[in-house]
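This report goes through selected side-chain features of one protein chain. Please look at the sequence and the structure first.

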Amino acid sequence: MLRQAWRWSVFRNTTAGTIRSLAAAFLGADCPLRSSGGPTRGFEDIPNPLSVKSQRFLQPQPARYLSLSVFISMASGGDHPSSNHHKHTNRLAQERSPYLLQHAHNPVDWYPWGQEAFEKAKREDKPIFLSVGYSTCHWCHVMERECFEDKEIGKILSDNFVCIKLDREERPDVDKVYMTFVQATSGGGGWPMSVWLTPNLQPFIGGTYFPPRDQGRRPGFKTVLMRIIEQWQYNRATLESSGQRIIDALKKGTTITANPGESPPLAPDVANRCFQQLAHSYEEEYGGFRDAPKFPSPVNLMFLMCYWSANRRTSEGVEALQMAMHTLRMMALGGIHDHVAQGFHRYSTDSSWHVPHFEKMLYDQAQLAVAYITAFQVSGEQLYADVAKDILLYVSRDLSDKSGGFYSAEDADSVPVSGGLEKREGAFCVWTASEVRELLPDVVEGAVGAATLADIFMHHYGVKEQGNVAPEQDPHGELQGKNVLIVCYSVELTAAHFGIAVEKVNELMTSARARMAEVRKIRPQPHLDTKMLASWNGLMLSAFARVGAVLGNEAMVERAVQAGYFLKEHLWDPDQQNILRSCYRGDQMEVQQISPPICGFLDDYAFIISGLLDLYEATFETEWLQWAEELQIRQDVLFWDDQGGGYFCSDPNDVTVLLRLKEDQDGAEPSANSVSASNLLRLSHFTGRQEWLHKSQQLLAAFSDRLTRIPIALPEMVRALMAQHYTLRQVLMHTDGNPESFLCQHLPVLSSMTQLDGSATAYVCQDFTCSLPVTEPQELRQLLLDTTNPLETA
C-alpha cells in the first residue's frame, strides 16, 4: 500500500541526503534508528517531505538520532487545572493566545515570537530555544508538565537560552519554516516542536517531544540542553555554518515555479492518476485511505465525488463514488462521530473508525459538513443531510461566539467524573455500562424479554459490561472499562432483535441520546480554545452557506451571514486593507485583539474569499461578492509570485521568515493555493476579469510537477484543474437587469437578459454563450442534465 508519502513534496534524493548529512555533520549519529514505542492515541505525526521513499507515513516513529535526541512526533490533548496562586509568572501572561496563556506560569523566562526576543538573543549572544504547539495538543502539555514546570530545567533554559513560545495556529508561517527543517533533518515531525536557533533565527537542531530525563540510550531534555550549551560554546562556528547550509538547501528544495510559457497539465490524465493513487490506498471494509490511524480527509472525498461527476458512465467513476459514500457512511456510524453531542473528533486510532482521538477541530467540522451535504446532493440519501445538520448543530451550540465568530477547538482531555485533578483523554465522552443502565432503566413496552431502554441502547451502540475499547487502543489505560459509542446494527436489525417497530427504535434512541446529552452537560468540561482564526472561520462560513442553501434552511444561511459580518467587523482592517489572522474572547465575553494584531496569511484570504463566494450564491447579496473581489485584489498584491506563479504562504518581505514557501499539500486543511485556483476561476466568471483566469492557469502550471507525479498530494487542486478543463458552470448569479448594479457593471451581457412574462427566468451559460431562457424548474433541471458539463453536481 502507498503509505500516503505522495501527500508531501518530493525532492531529489540528493537534496534530501545533503540536508541530512549536513545536520548530522556536527553532531554525529551514534544511536540507531528505532521505534519510539509511543502510543497511537493523541498522536499526529508529520512525515518527511523530502523523500517519497518514506513509506511509514503517519506511524509513530522516531526521527534520525543526531546525538541529541530520539524524537517522538505526537500531538493533541488538553491543558492542566489552573490555580489562582502561582509561584511563577512570565511575560506570556500578557498574551491572548490560549496556548501561550497555558505557559504563563512556567518557571521559564518565556518570550512571545517578536523583536524583543530577537534583540535579546543578539544583545546577549545566546541561542534561541523555540517551542511550538497549540492549546489542544496533548503531548505539548505532557512536555510542559514534565519539562517546563521543572524548576531545574526552567533555570537551565532561562540562563542559557532566549526562550520563545509560539502558537502554531497564530503563526503558521513560522511553524511551517521550522517544521520543514525538522522534517528535513529528522525524517518526521509533529507537535510539540522544539527547535534551537542562532540569534539570526537560523535553526541548527530540532525535534518534537523530549522526556525530562534520560531513558536508557535515549537522552532526556536536560541532557539535550547541556549538550547544546556545550556545542554552542565550543563548536559554534560549525553549528552556524551547517545551519546556514541546511537553510540554503531547503530554499532550493522547496521552490515551486512554472517554466516560462508552461501550461497546466492535462486534467483528465491528472484526475485519473489521482483516482488510481487513492484507489490503491483505499481500505475497502471500513473506507478511508489507510489501515490505522485513519483521518477524515475531506479533500479526498470531495475529489472522488467530483471525479465521479466527470466519469459517471465509467467503472472508475462508479468506484470513486462508492469509495466516497462508503467512507462517509462508516465515519458517521463510527466512534469518530459523537453520537450524543454531535460533531466529529479529530481522527480514529483504529481501522474501523471506533476509538477516536477525542479532540474536535473547527476546520474538520467545516469541511466534513460540506462533504456530507455534497454526498446528499449526489445520492439523495437523507443520512448524509442529517449528518451535515448534526455537525452544524454542534458548531452552533459549542463553537460559536455571540459576535458571530467560531472558536478553534475543543480539547480531547478533561477531568474524569470520578474526580481528581489529572485529565484523561475522552473522559467527557465515554460511558460505563453501569452509567448507561442507571440512566436508561425504563422497561420498553412490547420488547422481547422485557428489555429496558438501556438493553436496546447498549445493543445498538455496542456498549459492553467490561468496556468496548481494546487494550492496544488504550496504551495508558485511560479508557479501561469505558465504552465509545459506535453504531453496530442498523435500526431495522435492532428492531427485529427486540421485536419492536423501526419507528419505535428511532424514538427510543433519540430519547436516550437526549438524556445522555444532559448528563454530559454536567460533566467537567474539556478546555475550549476560544481563539477565532480568520481562515477557519472562512471554512465554516462556506459550510453554513452551502448546507443552508442546499437544504433551503434560512437559519443556517442567516448564521453564515452573521459570520460574514463578524469577519468584516473583527478580522478586517479597512485602513490598512488587511485581513487579520486572529481575535480572541475576552474575560467579559467581548471580542479582543492584540496590539499590534497579526496580519493575515494566504490561507486567511483564500478561505474567506471562498466562503464569501458561497455566501453570495446562498443569498445573492452582492456585498459579499464585492468584498470577495476586493480581497482577491489584495491577496494578489501581498502574496503573488510574479516570477514563478502561485502564491507564497506568507508575506515574502517578512525577513524573520526564512523560507518563502508555497504550500504543496492538501492535508487536514486544503492548500491555500488549491483554494485560490478555484477562487480565481470563479471570480473570473463573476466579474469578467480575464486576468484572474490567466492567474489560475499560471498557478496550476507552477504546480505541474506535483500534479503530474503525485496528484494525490493535491486533490483539491486537481478539482480546480478539472473545473478549468470541463468549463466551470457552477457559478450562480442573480440579476434584475439594472445596468447600474455591481454584476451588470462587470458583465454588461447581463443587462440583455430579461424576465419572461414577469416570472423568475434562468439562463445556463458556458464560454459566454447562453441557452434560451427557461421559467420552469423542471426545464432548468433537464437543461442542466442534458449538457455535457460534468461538474454540475460536484
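## Basis

The structure is a predicted model. Residue numbers start from 1 along the chain as its sequence is written.

## Disulfides

A search of the whole structure gives 2 disulfides. With bonded cysteines counted along the chain, the pairing pattern is 1-2, 3-4.

One of the disulfides joins Cys 137 to Cys 140, with 2.2 Å between the sulfur atoms. The torsion about this S-S bond is about 80°, so the Cys 137 to Cys 140 disulfide is right-handed. Cys 137 and Cys 140 are both buried.

Cys 765 and Cys 770 also form a disulfide, and their sulfur atoms are 2.0 Å apart. Here the S-S torsion is about 105°, so the disulfide of Cys 765 and Cys 770 is right-handed. Cys 765 has a relative accessible area of 28% and is therefore partly exposed. Cys 770, with a relative accessible area of 32%, is partly exposed.

## Two further cysteines

Cys 488 counts as partly exposed because its relative accessibility is 42%. Cys 599 counts as partly exposed at a relative accessibility of 40%.

## Aromatic pairs and a cluster

The structure contains 29 aromatic pairs. Among them is the pair of Phe 204 and Trp 232, which is stacked, with 5.8 Å from centre to centre and 25° between the planes. Phe 204 belongs to strand β7 (residues 203-207) and Trp 232 to helix α7 (residues 221-234), so this pair ties together parts that lie 28 residues apart in sequence. Phe 204 counts as buried at 2% relative accessibility, and Trp 232 counts as buried at 10%.

The ring centres of Phe 303 and Tyr 307 are 5.8 Å apart and the planes are at 40°, so this pair is tilted. Phe 303 and Tyr 307 are 4 residues apart in helix α10 (residues 298-310), which means that about one helical turn separates them. Phe 303 is buried, with a relative accessible area of 0%. Tyr 307 counts as buried at 3% relative accessibility.

One aromatic cluster is formed by Trp 110, Phe 129, Phe 148, Trp 196, Phe 210 and Phe 221.

## Charges over rings

Arg 91 lies over the face of Tyr 111, at 3.6 Å from the ring centre. Arg 523 lies over the face of Trp 431, and there the distance from the ring centre is 4.0 Å.

## Helix α21

Helix α21 covers residues 622-639 and has 18 residues.

Which residues of α21 are buried? They are Trp 624, Leu 625, Trp 627, Ala 628, Glu 629, Leu 631, Gln 632, Gln 635, Asp 636 and Phe 639.

Note on methods:
This is a predicted model: local features need pLDDT of at least 70, side-chain atom pairs count only at pLDDT 80 or more; totals for chains, interfaces and linings use all residues. Side-chain values use heavy atoms; hydrogens and water are left out. A disulfide is a pair of cysteine sulfur atoms within 2.5 Å. Buried means under 20% relative accessible area, exposed over 50%, partly exposed in between (1.4 Å probe, protein chains only). Rings of Phe, Tyr and Trp (its six-membered ring) pair if their centres lie within 6.5 Å; planes under 30 degrees apart count as stacked, over 60 as edge-to-face and the rest as tilted. Helices (H or I, at least four residues) and strands (E, at least two) are DSSP runs, numbered from the N terminus. A charge sits over a ring if NZ of Lys or CZ of Arg is within 6 Å of the ring centre and within 35 degrees of the ring normal. The expected span of a helix is 1.5 Å times one less than its number of residues.
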